[in-house]
Amino acid sequence: MTTSAILTIVEMTLHEAARRRILLASLVCGCAFLLLFGIGQHFVLADIEHQGAKGMLRRGFILNFFTLAGLYSVNFLTVMSAVLLPVDTLSGEIASGVLQTVASKPIARRDIVLGKWLAYVLVVGSYLMLLAGGVLLEARLLADFQLPGVGRGLALMFLESIVLVTLSISGGTRLSTVTNGVVAFGLYGLAFIGSWVEQVGGFTGNVGARDVGTVASLIMPSESLWQLAAHHMQPPVMSQLNLTPFSPLSVPSIAMVYWAVGYIVVLLLVALRGFSKRPL
Amino acid sequence: MSSYLLETHGLRKRFGDKLAVADLSLALRPGEVFGFLGPNGAGKTTSLKMILGLLEPSGGHGLLLGKPLGDQGARAKVGFLPEHFRFPDWLTGRELLHFHGRLYGLGGSLLRERSEALLARVDLLDAAHRPLKGYSKGMLQRAGLAAALLNEPQLVFLDEPTSGLDPLGRLLVRDLIRDLRAQGTSVFLNSHLLGEVEATCDRVVFVKQGRVVHEHVLGAHEAHRDVRIRAHGMSDALCVTLASLGEGFVRDGDRASLRVDGDSRLPQIAAAIVNSGAALFELDAAPASLEQLFLAVMGTEQRPG
Ligand SMILES: Nc1ncnc2c1ncn2[C@@H]1O[C@H](COP(=O)(O)OP(=O)(O)OP(=O)(O)O)[C@@H](O)[C@H]1O
Ligand SMILES: [Mg+2]
């Protein structure tokens with residue numbers, strides 16, 4: 001009964017997501033981005049050829065950096081969708097009264113939240129795989145370049161998107177749609193700035209700045225997960241040289257992954273709890 | 001095991017410092033069509049939401065189909081049409097029923113057959129393939145009504161099911177409620193349309209600020225009459241006598257009204273007036289209407305809010 005109830009909610013939510021303009025908009029943005037990335041790649045390649053092949057190593061570095069930059073954009077687009085797509089799925093349906101009819105059925109409130117969560121994890125995960133797959137495919141086809149550590153990297157990016165989907169859904173059980181969006185992006189921004197503060201602190205040896213960054217990444221592990229993902233998707237020599245913004249001095253520890261998983265679990269519990277007594 | 005489909009004891013709901021439902025105690029027998037009446041803001045919708053587990057009561061308790069309020073299992077045999085029925089409007093009427101059916105755990109040909117039968121019953125078969133976006137308010141309400149009956153419930157809660165319906169639609173709902181009763185399904189009806197309530201309900205309660213203030217069994221009082229009097233020179237003693245002949249006696253100058261339990265009271269009233277020396281100009285008796293009773297119970301000083 002429970003699984004079939006969850007599946008019904010999943011299907012309903014997917015159905016709903018598919019109908020919404022916002023998903024279409026995300027897909028259009030994604031495609032435009034892939035097109036742009038392809039064109040950019042073309043020019044980068046032309047540049048490399050023009051300067052002459054000063055060794056395969058240099059070519060590899062440039063392409064690696066460029067592909068990572070592409071994935072960084074994918075990361076950003078995914079973060080946006082992870083927050084915006086589910087931001088009103090609960091609060092909107094609470095406000096419109098749709099959930100009155102759903103919650104008066106023989107279905108546990110828990111299953112409503114889990115179904116919606118699962119649906120958006122699927123949607124956002126597919127979006128990520130589509131865009132990241134596009135970037136990797138373009139690198140492969142146009143430049144015959146293959147990024148290292150893709151499996152781990154994408155898994156970490158997926159984990160990051162789940163963190164944000166969960167945050168957005170969890171907020172929706174207690175906050176209005178707009179407040180929820182503001183809070184979710186606020187936290188993301190915090191992690192983003194925190195990670196830069198940490199990088200700067202790393203360069204200048206400022207311990208206080210590094211601590212600020214660490215605290216920010218504990219409050220919201222999204223940016224650290226990206227950095228960890230980027231770390232895995234470059235050859236060790238590149239990350240050790242700290243040549244690019246994607247190879248920072250201090251790489252987040254693997255403990256961040258456990259932290260993020262725990263973070264998701266706690267947010268989900270908060271969501272289930274918040275929704276279980278929510279007046280509808 | 002209780003013999004009631006629904007019972008509540010001292011149910012209470014507070015929103016901040018606003019007491020929406022003060023102390024609701026009622027019981028519903030199997031097969032009964034039950035009217036839940038009261039002015040705007042009396043707490044009818046709030047009570048319903050507590051019964052269905054959509055709102056947590058601030059106090060009191062109750063049983064729905066023998067299970068504590070909010071129990072998931074009990075809801076399998078309950079139908080509900082909310083006051084403002086809303087659903088994602090890109091679904092067609094038919095898809096709406098299919099989704100609702102699946103939430104009830106139904107599926108396959110059983111769900112399809114029931115959906116078609118109900119679409120026909122609420123007169124939406126022609127519109128069933130169109131998205132709800134293009135439905136009028138009344139059509140949406142009828143779609144919601146069909147959705148509330150998909151699980152062949154033992155008890156259906158209808159929160160103002162006819163508020164958006166045209167006279168034909170109201171007739172349809174009235175017939176539907178009668179059919180439900182004939183099948184042994186109980187109905188819990190919130191409505192402001194007292195004529196409709198009178199035509200369908202077995203029993204009504206009047207609520208005021210979330211408290212049952214009066215209970216009335218319909219049909220049991222067919223003989224009751226609302227009496228209107230116009231007489232000059234009515235003495236206080238006469239008023240006392242008249243008040244003792246019925247209930248709800250009200251006097252305003254030369255006019256007075258009361259409710260009596262049968263025609264046999266009329267000659268008594270006439271005699272009392274004439275014998276007191278007052279001049280009787282008019283004595284009129286009409287079958288007691290729920291509306292009169294509502295006004296008498298609620299009092300005209302009761303303002304919404
Ligand atoms: N979520 C809420 N927050 C604060 N007050 C509320 C809330 N819901 C209802 N109320 C208040 O509780 C009281 C009862 O409202 P309710 O909707 O139950 O009335 P009702 O009897 O259904 O009225 P109507 O006949 O107009 O539908 C009203 O005074 C209303 O303002
Ligand atoms: Mg109401």
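User: What relative accessible area does B:Arg29 have?
Analyst: B:Arg29 comes out at 40%, so it is partly exposed. That class runs between two limits: buried is under 20% relative accessible area and exposed is over 50%, with a 1.4 Å probe and protein chains only.

User: Before we go on, what kind of model is this?
Analyst: It is a predicted model: local features need pLDDT of at least 70, side-chain atom pairs count only at pLDDT 80 or more, and totals for chains, interfaces and linings use all residues. Residues are numbered from 1 along each chain as its sequence is written, chains are lettered from A and ligands numbered from 1 in the order in which they are written, and side-chain values use heavy atoms, leaving out hydrogens and water.

User: OK, back to B:Arg29. Which residue forms a salt bridge with it?
Analyst: B:Glu32 does, and the closest N and O atoms are 3.7 Å apart. A salt bridge here is a side-chain nitrogen of Lys or Arg within 4 Å of a carboxyl oxygen of Asp or Glu.

User: Is B:Glu32 buried or exposed?
Analyst: Buried, because its relative accessible area is 7%.

User: Which residues are linked with B:Arg29 in a network?
Analyst: Salt bridges link B:Arg29 with B:Glu32, B:Arg203 and B:Glu215.

User: How many salt bridges over all chains?
Analyst: 20. Another one pairs B:Arg211 with B:Asp23, at 3.9 Å from N to O.

User: Where do B:Arg211 and B:Asp23 lie?
Analyst: B:Arg211 is in strand 10 (residues 211-217) of chain B and B:Asp23 is in strand 2 of chain B, so the pair ties together parts that are 188 residues apart in sequence. Strands and helices are DSSP runs numbered from the N terminus: E of at least two residues for strands, H or I of at least four for helices. B:Arg211 is partly exposed at 41%. B:Asp23 is partly exposed too, at 32%.

User: What about chain A? Which residue does A:Asp111 meet in a salt bridge?
Analyst: A:Arg110, at 3.4 Å from N to O. A:Asp111 counts as buried because its relative accessibility is 1%. A:Arg110 counts as partly exposed, at 42%.

User: New topic: ligand 1. Which residues come nearest?
Analyst: B:Lys44, B:Thr45, B:Thr46, B:Glu83 and B:His192, out of 14 around ligand 1. A residue is near if one of its heavy atoms lies within 4 Å.

User: Which residues have polar atoms facing a ligand 1 oxygen?
Analyst: An N or O atom in the side chain of B:Lys18 is 3.3 Å from a ligand 1 oxygen. For the side chain of B:Glu160, that distance is also 3.3 Å. A polar backbone atom of B:Gly41 is 2.9 Å from a ligand 1 oxygen. A polar contact is a pair of N or O atoms within 3.5 Å.

User: How much of ligand 1 does the protein bury?
Analyst: The protein buries 63% of the 630 Å² that ligand 1 exposes when taken alone. Areas come from the Shrake-Rupley method with a 1.4 Å probe.

User: Which elements give two or more residues to the shell?
Analyst: Strand 2 (18-28) and helix 1 (44-51) of chain B. Helix 1 gives the most, with three residues.

User: Last one: how big is chain B?
Analyst: Its C-alpha trace spans about 75 × 45 × 35 Å along its principal axes. Chain B has 305 residues, and 48% count as buried. It holds nine helices and 14 strands.

Conventions. A polar contact is a pair of N or O atoms within 3.5 Å; within protein, one must be able to donate a hydrogen and the other to accept it, and residues adjacent in sequence count only if both atoms are side-chain atoms.
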